[in-house]
Number of protein chains: 2
Amino acid sequence: MTIASESADVDSATAVAELPARSTQNDAPQIVRIGLAERSYPIAIGTHLFSEAEAYASLPQGHCALIVTNTTVSPLYAGRLKSVLAASYSQVHRVVLPDGEAHKTWQTLNLIFDALLQHGCDRNTVLFALGGGVVGDMTGFAAASFMRGVPFVQVPTTLLAQVDSSVGGKTGINHPLGKNMIGAFHQPLLVVCDLDTLDTLPARELSAGLAEIIKYGPIYDMDFMAWLEAHIDALRVCDRVALAHAVRRSCEIKAAVVGADEREAGLRAILNFGHTFGHAIESGMGYGVWLHGEGVGAGMLMAAELSHRLGLVDAAFCARLRALVARAGLPVRAPVLDANDNAGRYLELMRVDKKAQAGEIRFVLIDGPGKAVLRTAPDALVREVVNTCCAPA
Amino acid sequence: MTIASESADVDSATAVAELPARSTQNDAPQIVRIGLAERSYPIAIGTHLFSEAEAYASLPQGHCALIVTNTTVSPLYAGRLKSVLAASYSQVHRVVLPDGEAHKTWQTLNLIFDALLQHGCDRNTVLFALGGGVVGDMTGFAAASFMRGVPFVQVPTTLLAQVDSSVGGKTGINHPLGKNMIGAFHQPLLVVCDLDTLDTLPARELSAGLAEIIKYGPIYDMDFMAWLEAHIDALRVCDRVALAHAVRRSCEIKAAVVGADEREAGLRAILNFGHTFGHAIESGMGYGVWLHGEGVGAGMLMAAELSHRLGLVDAAFCARLRALVARAGLPVRAPVLDANDNAGRYLELMRVDKKAQAGEIRFVLIDGPGKAVLRTAPDALVREVVNTCCAPA
């Protein structure tokens, strides 16, 4: 994978300083180019992107486009996206899914297939995922599977989707016995991150998105963590310049990691920092009760605590991360999943995680600030961590 | 793609003459090696392969294997496969699906996911598709999608699956609005064609398999068609030497075509000779009423008739193909799908086929014996062909 982003070095935390100030304003979007072995695609980050046909000009002209969105996002943006796509497609259809992680199921996915077939869409159809991570994951999997693969475009309207779903090509749905258990790797043709959409995002979801951004500090780039500590308040009020940098830098780091390991054989797993505990929280509470980013926020603190108990980081690091997570507006205390055997329930849920191998849980831990490591831990230690992190403040 | 098969030249119809006679007997299986850009895998063709652990020795040793089979095949062969796999996997589970094309649905597919998750199977699990094309397609799609991709092995027990599903990597399920509309390209690790399984195959299904074998003559290799005319009776009584050659040559031709076009951008479409009409028959009659191979048999005659009316082949070629299809035990008259507007119904069904583009039907036609071409045809001519081929004998 190669990543080209104007003059910025991907591995440098100074990229933002080199950006022309105007590019975070109303005019040309910033472009992060993701270069995978087989295909390359751009991520456009900017404002007013629903009224600029040029943002979509690189796409193959086709007969048919299908906008996949949800009941929340559709009334806000689907009409504008449809208008701008009418320049490129003779038919622009729309399918509106129910909103929420609880609907990330085969039944909902099938609504996309129904729409594609009812409209007579063929192999040259382009799907547009307009919404958050759930819409993006389902649209991507529908695109991967419809007629064994059609192209798709991500138009993420949540902060979490802008930083997390834009890079990596992971798509999928949930199974009652596990999250994201059914899916495919399928890269988009283009990702359009319109920062204006974050104005309509509930504060709770903005915070959830910040969790995935904060993640990149401990695992990869402590300069970025310091930048976040300085700009967390600006991010929470949707300052465009701060958002543009945070989204861009997150995409760059994720691209660098994914590029080294597209199929998640090793390194890529570090992106799951906080996710092993986080998935247990989401699943144990019932999908949708805790937002994904909230689970990741609390999960990162649990993983940091486990790292500390294994002697990998000091207590000061855990406290620093905890402070940033709290300032992002995220819960810092993990929920009790089972009043009788809470730690046992966490362990049970983590053992069915996709990343587990033969029932052995592989945790993403912090091996000194800015560096992640994948390893197992004794159950007794994990129990202590669960007990500590779920205790009342 | 490269294909290595002992000393035989893949593009030569004389391959069988070069085979040592013993290799179609009880001992070592014949191996056709399929070499795709990313991966290479062998097809083993022989007898007694359920009792030879060596046939599976090349597979990665793993913790968990899941045999996916159906209610018909399970009592015949699943126990023997399970025994032979026990040498390589500490857990060998089984899931038994209902039999038939009508069950090639999401609901049935989900039984595989349920089994995988209930047994705690992880990313190193290997799936074994033990059955016909439906089992193979569903197992392959489950393998492509479970945790975004796990390996699988094809153990086809029908003639059709041995020659058709062994090569190409197409997997998928049906949608109420179209066949194989949802799926993935996913290559197996290994294909094991045990010719002994054909002894338990109903004569009607053996004939259906012969349709896919006959197909390779008109589109690619008229010497093979001549060989089939000489050996069709031997094939119908499961002569092992004849079957081994027919399966091997079919796999070789398919591999040569797929290798030139893995993602079905162009050339690969010629493998769908007879399938555009055939899918209309299957779909119009209701999945499962006509076997896939029966639809292809009658469909080939319709496509040949259309080729003739377009001046591409003479009437003698059509008669010759019709005679071979009849001797294979296949219906030569296409069914009436709609008493009021039969030709209109055929056209309507063919327009929703995956191969249609913007509602335009692309037929695989014979452009002189041994050569296929992809082209459209005037509706009026297609109507004449439907009327002719559906007429009472």
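1. Over the ring of which residue does the charged end of Arg148(A) sit? The ring belongs to Phe185(B), and the distance to its centre is 6.0 Å. This is a predicted model.

2. Aromatic pairs come next. Over all chains, the whole structure holds eleven of them. In one, Trp106(B) and Phe113(B) have ring centres 5.7 Å apart. Their planes meet at 40 degrees, so the pair counts as tilted. Stacked pairs need planes under 30 degrees apart. Trp106(B) is buried, at 7% relative accessibility. Phe113(B) is buried too, with a relative accessible area of 0%.

3. Phe224(B) and Trp227(B) make a stacked pair. The centres are 6.0 Å apart and the planes 15 degrees apart. Both residues belong to helix 7 of chain B, residues 222-236. They are three residues apart, about one turn of the helix. Phe224(B) has 2% relative accessibility and counts as buried. Trp227(B) has a relative accessible area of 16%; that is under 20%, so Trp227(B) is buried as well.

4. Trp106 and Phe113 also take part in a cluster. Ring pairs link Trp106(A), Phe113(A), Trp106(B) and Phe113(B).

5. Arg248(A) is placed in helix 7 of chain A, residues 240-259. Is Arg248(A) buried or exposed? Arg248(A) is buried, at a relative accessible area of 0%. The side chain of Arg248(A) makes a polar contact of 2.3 Å with the side chain of Gln30(A).

Notes. Residues are numbered from 1 along each chain as its sequence is written. Chains are lettered from A and ligands numbered from 1 in the order in which they are written. This is a predicted model: local features need pLDDT of at least 70, side-chain atom pairs count only at pLDDT 80 or more; totals for chains, interfaces and linings use all residues. Side-chain values use heavy atoms; hydrogens and water are left out. Helices (H or I, at least four residues) and strands (E, at least two) are DSSP runs, numbered from the N terminus. Buried means under 20% relative accessible area, exposed over 50%, partly exposed in between (1.4 Å probe, protein chains only). A polar contact is a pair of N or O atoms within 3.5 Å; within protein, one must be able to donate a hydrogen and the other to accept it, and residues adjacent in sequence count only if both atoms are side-chain atoms. Rings of Phe, Tyr and Trp (its six-membered ring) pair if their centres lie within 6.5 Å; planes under 30 degrees apart count as stacked, over 60 as edge-to-face and the rest as tilted. A charge sits over a ring if NZ of Lys or CZ of Arg is within 6 Å of the ring centre and within 35 degrees of the ring normal.
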